[in-house]
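Dear colleague,

Please find below the structure that I promised to pass on. A short account of the findings follows it.

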Amino acid sequence: MVRKEEHGSMRHVTPATSLGGRDTRLRLAFVSAVVSLMAVFAAVGSTIPLFNIYRAEDGLTTAGISLTLVAYSAATLSTLLTLGRVSNHAGRRPTAIVSLGLLVLGCLLLLNVHDLGILIAGRFLMGLGAGLASSSLTAYIVDAAPTRPTWLASVASSQTVMLGLAVGAIASGALVQFGPWPRNLIYLIVVGLLLLSAALVAISSDTVTPAPGGWRSLRPSVRVPVRVRHLLPVAAAVFLATWATGAFYQTLVPALVEDQLHTDSPLVLGLVFAAYMGPSALGAPLGSRFPPATAQRIGMIAFLAGWIGVITAITTGALPLFIAATIVAGAAQGIAISAATRGLLYGSRLTDRAPIFAVVYLLSYSGATIPSLISAQLSSVFSVPHLTLGYGALALIATLLTVIAVRNPHAGTISQPSE
């Protein structure tokens with residue numbers, strides 16, 4: 001017996017026993033997965049307002065801060081390549097719990113940051129956990145999401161990451177500036193949130209029955225179903241440009257805010273980062289009103305407009321303009337990322353989702369890693385404002401490619417095989 005789902009743009013035909021009805025247990029699984037994914041990326045975002053403290057008190061440089069993001073992203077990429085499909089075999093729930101445990105270890109290590117090596121090691125552990133969560137928890141969200149509203153699965157799976165980063169950065173900035181134990185309190189709170197998330201996942205129902213083939217799934221594999229493969233080049237441009245900008249706000253903006261915009265407030269730093277990540281979750285539902293291709297065009301054009309505002313603000317030293325342009329770019333990336341994700345998930349089966357999200361986050365973290373590595377190497381030659389122009393150029397290229405080449409999923413392909 002099979003259950004034909006109504007959410008045509010996101011679902012396909014799946015066994016009735018796989019989802020077991022939209023009952024209370026499945027709703028708990030959805031909530032647990034969303035809370036857990038937010039906790040994972042709140043942990044990742046919590047480090048950002050502390051970067052200037054590490055610079056001032058421990059002698060870290062802008063190049064060193066950039067290398068911590070490279071270590072984080074390298075760990076995430078390697079995990080996605082080897083473990084991106086493991087939740088299809090081990091189950092979403094145990095895989096998610098392991099990812100949360102890795103984040104706990106990373107936070108505990110960051111309680112004792114006094115040199116670059118410890119910071120890199122802690123961020124590396126966070127990267128391992130975030131990589132495992134990026135495929136397992138996002139697939140878990142889509143598996144368990146209610147069928148109405150139809151946009152909920154794609155928005156929750158793509159934008160919970162951004163919301164978690166924003167919450168983590170704001171909370172960290174406030175606690176660093178106003179709370180006791182400024183270097184440690186945020187990590188202790190995040191550890192508690194991660195443990196609570198693991199408990200919620202542990203009492204939730206799994207959406208995948210453990211199956212053989214787990215060891216074979218460890219072989220690196222990068223694929224999406226044939227029916228949406230034509231969407232991948234433009235989706236890649238969207239993910240690369242928007243996540244490169246997120247990396248820019250993590251690694252270069254701390255120095256930029258202090259040196260160019262004349263404030264050293266950790267809370268302001270957290271709010272600036274959140275101004276990019278937070279509006280993403282608001283922009284995503286707006287994009288659901290349009291077909292994926294139209295939403296990606298709208299999102300990327302507005303994203304480029306935001307970048308023009310950012311560069312203008314840096315040139316003039318105008319903090320209000322910088323924050324306003326950041327909000328525009330953040331909302332625009334939400335529209336574009338959610339639409340690109342919605343297209344790739346078109347007609348997805350249960351076993352398609354973890355591999356699709358592995359590809360999505362491989363592209364995303366590549367966008368975060370490669371420009372950060374380049375900017376770290378160039379930071380001794382070029383100033384931060386000059387490096388900013390390179391990120392703006394990447395936004396321009398991605399926008400042009402999107403406007404020219406973006407396509408919708410093919411109508412009538414929902415019944416094609418996924419290979």
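A residue is called buried when its relative accessible area is under 20%, exposed when the value is over 50%, and partly exposed in between (1.4 Å probe, protein chains only). Serine 73 has a relative accessible area of 0% and is therefore buried. The model is a predicted one, in which local features need pLDDT of at least 70, side-chain atom pairs count only at pLDDT 80 or more, and totals for chains, interfaces and linings use all residues. Residues are numbered from 1 along each chain as its sequence is written, and side-chain values use heavy atoms, with hydrogens and water left out.

Regarding the chain as a whole, buried residues account for 58% of its 419 residues. The chain has 16 helices and two strands (DSSP runs numbered from the N terminus: H or I of at least four residues for helices, E of at least two for strands).

Serine 73 lies in helix 4, which spans residues 62-83. Leaving aside residues up to four places away in sequence, Serine 73 touches Tyr365, Ala368 and Thr369, a contact being heavy atoms within 4.5 Å. Of the chain's contacts between residues at least 6 apart in sequence, 86% join residues at least 24 apart.

Helix 4 also meets helix 7 (residues 116-144): their axes come within 7 Å and cross at roughly 35°. Axes here are lines fitted to C-alpha atoms over the stretch in contact, with angles from 0 to 180 degrees between N-to-C directions.

Yours sincerely
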